[in-house]
Every structure is written in C-alpha cells, then in structure tokens.
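Please keep the sequence and the 3D view at hand while reading.

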Amino acid sequence: MHCTAFRRLEYKTQVFVNHEGDLFRTRLTHSIEVAQIARSIARNLQLSEDLIEAIALAHDLGHTPFGHAGQDALNECARPWGGFEHNLQSLRVVDELEQRYAAFDGLNLSFETREGILKHCSPAQARQLGEVGERFLNQRRPSLEAQVANLADEIAYNNHDVDDGLRSGLIELAQLQSIELFERHCHDVLQRYPGLAGRRLVHETIRRMIDELVTDLVDETRRRVAEAGVRSIDEVRAAPPLAGFSPAVAERSAQLKRFLYTNLYRHPRVTEVMEHARNIVRDLFGRYLAEPALLPDEHRQRIDAIGERAIVDYIAGMTDRFALREHRRLFGASDGSARIPA
Ligand code: MG
C-alpha cells in the first residue's frame, strides 16, 4: 500500500475515464473492493488473509492508463519488443520497477504473493520468469489464496460495473431484468420493500448478488477441497483448480459478464472515448521512440540500459491524466485528446 504504483491506481481508469465523474470506480477503489471480498472468503475458508490481501491489492499494479484500451494499444506498439501484458507488468512493478530499497530493486514480496500476482503467462514468458514461471510449465496450480483472489476480482468487477453502469445511465434497470443473477435478487428486494427504487434498490440488489457469489464460492471450494482430500500446499498445487463456483452459479456469473461486455464495455460512448485513448498511447509511444530526448532523464537513461522496454514501462506507469497532459505537451490540443477532458 505504500508503493508509488499503488497510489497511481487512483488516477487510472477501470471502465470509465476519470473525468466521467467522481463516483465511479477507479483501479484504486476496484483493488480495495477486491481485497475486501477476498478477505471475507479467506476468513471463511481459513486461508491466509494477509496473503490474499497482498495479492488483491497488487493484482492491477501493472495496468496502463485508460484501462484495456490502453493496454491493447501499448501491446501493439510494443510488439517488436515482446509486447505488453498488464498481468506480467504487475509482477515487473513489484519485482523491478518500484524504487524503495537501498539494496535491491522492487518490493520485498514473498514468493506466494508474487505467484498470486502472476495469473497467467505464455510458456515462452514462463521460461524467463524463474520460480514464479515454473508452474505454467509444470501444469501446477498456485495457492488457494491466489485462486480465490482471482475469483474475488471477477466478483468485484461484475458487481461494481453494474453499479457504475447504472449510475452512468449507459445501462438501465429494465435491461438487467434479463440477467438471472440480478433479476432474482431485485425481485426479492422488491417483495420485501415494495416501491423501493433508485440507489437503494440497486445497492440492496447488488449486495445480495455479491453474497450469493461469495457464499457459493466458499461452499463449492470447501466441497472440492474435501473431495480432493488435499492436506498440504503441494497437494493443492498438484490438484485441479480447487477454488471455484458451482456450475449453476458459474453460468449465472458468466451470463452477467457477457451482458456487461455487450452493453457496457462495448457501449458506443465507452468505445468512442477508448478509441481516443488508444490514439494517445500510440502517439506517445511513437514520439518517444523517435525522439528519446523527450523522455525525462531517468527514463532516457534506462533506454541505454534495457532498450525500448524503458518506453513501455514509462507509458504503462502513467495515470490517465498524466498521459493526457503529456500528449497535450507533445502534440497540442488540436487532436483527439481534447475530447477526453483531463
Ligand atoms: Mg482487477
């Protein structure tokens, strides 16, 4: 929580760019919500709350500005130099990029936390990552805390994106009535509180949705752990994934996710802004590549040491508003960036 990358999350987009309003989730509040959900599950399953909290708080540290649009653009730009992937970047932040200690780069995190941060990676990448990469080559699972943190992420964003989507007016309550997970709880709330509407109805519904998902995850995970008969972390690593939803709830969660993808993440108002965001990242990358002198000294010197990856790291670390300011500095305000007010 004390590192620079964590504070930057406050000004990084989750779904909505930060100017859309002060009440929408940012990567910071998203990470805190993931941590809280993860801790509740961990407490119920008697897992390590400290470990799961560390994984949850760190899981998005490698995100670029402008959410997935920013990551896609940076990945395209970085393709000749190995591409960009936010999950790998989160590990890179805690292992290499944070500068806090006299004796070493990065933070002083345990193997278990680092393993939990690295949710996925290709075999080629795994071979370069040492001990945290091994499980991807040996087909082994991470700790239960890592498995649960990953699902807590999904529970958090599915639910808070419903809330943010409704608040923004991009989706409407009526549309959500086709989504089983939402409709059933919304119906229950209205049975109990006839005439309830607006924010209270949304919150009462969403908290029940979260409760259903968390309770199901706890029950199903406990059942699988008992069934597999695992008694040690080595047995957890060798077993099939033990943390999970029951099949019925997994399908309900997937249905909600598909709904959000189609109706919110692909909403024209979101995609339009994201297209401009992509251009900003592309413009910045192209300009720094052509004129490294435009980079701050520290980052220009890193190009000599590690090559173009230094530009990727610099852009990945930017907040939305810093990227916008930097774009305006280098290109003026006559382009698409003016359409995303900082
Ligand atoms: Mg996340």
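This is a predicted model: local features need pLDDT of at least 70, side-chain atom pairs count only at pLDDT 80 or more; totals for chains, interfaces and linings use all residues.

A residue counts as buried when its relative accessible area is under 20%. Cys-77 has a relative accessible area of 15%, so Cys-77 is buried. Cys-121 is also buried, because its relative accessibility is 16%. The structure contains zero disulfides. In general, a disulfide is a covalent bond that joins the sulfur atoms of two cysteines.

A further buried residue is Thr-319, whose relative accessible area is 12%. Thr-319 sits in a loop, with helix 17 (309–317) on one side and helix 18 (320–331) on the other. Leaving aside residues up to four places away in sequence, Thr-319 touches Arg-8, Tyr-11, Lys-12 and Pro-65.

Are His-30 and His-59 buried or exposed? Both His-30 and His-59 are buried.

| Pocket | Volume | Lining by class |
|---|---|---|
| Largest pocket | about 770 Å³ | nine nonpolar, 10 polar and 10 charged residues |
| Second largest pocket | about 610 Å³ | eight nonpolar, eight polar and nine charged residues |

The lining of the largest pocket is made up of 29 residues, and Gln-14, Val-15, His-68, Tyr-261 and Tyr-265 lie nearest its centre. Several helices each supply at least two residues of this lining, among them helix 2 (27–45), helix 4 (67–78) and helix 14 (247–265). Helix 9 gives the largest share of the lining, six residues.

For the second largest pocket, 25 residues form the lining, and those nearest the centre are Arg-8, Leu-97, His-299, Asp-313 and Gly-317. Helix 1 (4–8), helix 5 (86–97), helix 16 (297–306), helix 17 and helix 18 each supply at least two residues of the lining of the second largest pocket. Arg-8, listed here near the centre of the pocket, is also one of the residues that Thr-319 touches.

Terms used
Residues are numbered from 1 along each chain as its sequence is written. Side-chain values use heavy atoms; hydrogens and water are left out. A disulfide is a pair of cysteine sulfur atoms within 2.5 Å. Buried means under 20% relative accessible area, exposed over 50%, partly exposed in between (1.4 Å probe, protein chains only). Helices (H or I, at least four residues) and strands (E, at least two) are DSSP runs, numbered from the N terminus. Contact means heavy atoms within 4.5 Å. On a 1 Å grid over the protein atoms alone, a cavity is a set of points where a 1.4 Å probe fits but cannot get out, and a pocket is an open set with protein on both sides within 12 Å along at least five of seven lines; lining residues have an atom within 4 Å of a point. Grid points are joined across faces, edges and corners, and a volume is the space filled by probe spheres set on the points. Ala, Val, Leu, Ile, Met, Phe, Trp, Tyr, Cys and Pro count as nonpolar, Asp, Glu, Lys and Arg as charged, and the others, Gly among them, as polar.
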